[in-house]
Structure formats: C-alpha cells, structure tokens
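I opened this entry to keep track of what I looked up in the structure. The notes run from the whole chain down to single residues.

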Amino acid sequence: FYATNTGASVAYVKLYNKATAPTVGTDIPEMIIPVPAAVGGVPGVANPNTGFIPFRFALGLGIAITGGAADNDTTAVAAGQVKVKLSRST
C-alpha cells in the first residue's frame, strides 16, 4: 500500500471486505489509513508497514477515500487529490 495526498487536509483511505462496491457512509470499513496533507507543495505520503502479517479480505477488496475518519463519513475529496497504489495477492 502506498498513497499520496496533494490536498491541504488529511484524507482517509478506507478498505472494505466486500464482493461489491462499498456504500460509503453505510458500510463499515475493515481498515482506515490516514494520508497526511501536503506541506509546502510536497504531497503527504502513507506507506504503512504491515510486516509479514497479511490482512485478509476474503470477500473482495473495496476502496473509498473520504475527508473524515469516521466510519460513516462521506466527505468528498477533490478529483485526483489522493492517489493509491495497492497490491493484493490471493
């Protein structure tokens, strides 16, 4: 997992264990990863080290990005503000 944020506020990447697209604000995320705000024109970066312990998303992996950390938050972020690179193995 690697994410960047060019916005002036923290953004939150939310990962869901779902076989269908998540309903943001209704579905409960399995994991919420904060992506720091940009500082001085340099994007904030989130690259959490999970070590060798994988996280399992048995149903499927859904993703959403919001401006607030709460499970039910639906605050939109600007288009292109947050970029996520995510690798998944089965």
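Below are my entries on a predicted model.

**Overall fold.** I began with the secondary structure and found zero helices and six strands in the protein chain. Read along the sequence, the pattern is β-β-β-β-β-β. I then checked the radius of gyration, which is 13 Å, close to the 12 Å that the globule rule gives for 90 residues, so the chain is as compact as a globular protein of that length. The C-alpha trace spans about 40 × 30 × 20 Å along its principal axes.

**Surface and contacts.** I looked up the accessible surface and got about 5700 Å², with 56% of it belonging to carbon and sulfur atoms. Buried residues account for 31% of the 90 residues. For contacts between residues at least 6 apart in sequence, I noted that 70% join residues at least 24 apart.

**Nonpolar core.** Which residues make up the largest nonpolar core? I listed 10 residues in all: Ala3, Ala11, Val13, Leu15, Met31, Ile33, Val35, Ala46, Phe57 and Val82. Strands S2 and S3 (31-35) each supply at least two residues of this core. I followed up on Ala3 and, leaving aside residues up to four places away in sequence, found that Ala3 touches Val35, Gly44, Val45, Ala46, Lys83 and Val84.

**Thr4.** I placed Thr4 in strand S1, residues 2-5. Its relative accessible area is 18%, and because the cut-off for buried is under 20%, Thr4 counts as buried. With residues up to four places away in sequence not counted, its contacts are Val35, Pro43, Gly44, Val45, Gln81, Val82 and Lys83.

**Tyr12.** I found Tyr12 in strand S2, residues 11-17. Is Tyr12 buried or exposed? I recorded Tyr12 as buried, with a relative accessible area of 18%. Not counting residues up to four places away in sequence, Tyr12 touches Ile32, Ile33, Pro34, Ala64, Ile65, Thr66, Gly67, Gly68 and Ala69. I also checked Tyr12 against Asn49: the two are 37 residues apart in sequence and 17 Å apart in space, C-alpha to C-alpha.

**Salt bridge.** How many salt bridges does the structure hold? I counted one. The side chains of Lys18 and Asp27 meet in it, at 3.0 Å from N to O. Side chains of opposite charge can pair when their charged atoms come close. I looked up the accessibility of both partners: Lys18, at 21%, counts as partly exposed, whereas Asp27, at 17%, counts as buried.

Methods: Residues are numbered from 1 along each chain as its sequence is written. This is a predicted model: local features need pLDDT of at least 70, side-chain atom pairs count only at pLDDT 80 or more; totals for chains, interfaces and linings use all residues. Side-chain values use heavy atoms; hydrogens and water are left out. A salt bridge is a side-chain nitrogen of Lys or Arg within 4 Å of a carboxyl oxygen of Asp or Glu. Buried means under 20% relative accessible area, exposed over 50%, partly exposed in between (1.4 Å probe, protein chains only). Helices (H or I, at least four residues) and strands (E, at least two) are DSSP runs, numbered from the N terminus. Contact means heavy atoms within 4.5 Å. A nonpolar core is a set of buried Ala, Val, Leu, Ile, Met, Phe, Trp, Tyr and Cys residues joined through side-chain atoms within 4.5 Å. The radius of gyration is taken over C-alpha atoms; the globule rule is 2.2 Å times the number of residues to the power 0.38. Accessible areas come from the Shrake-Rupley method with a 1.4 Å probe; for residues, only the protein chains shown count as cover.
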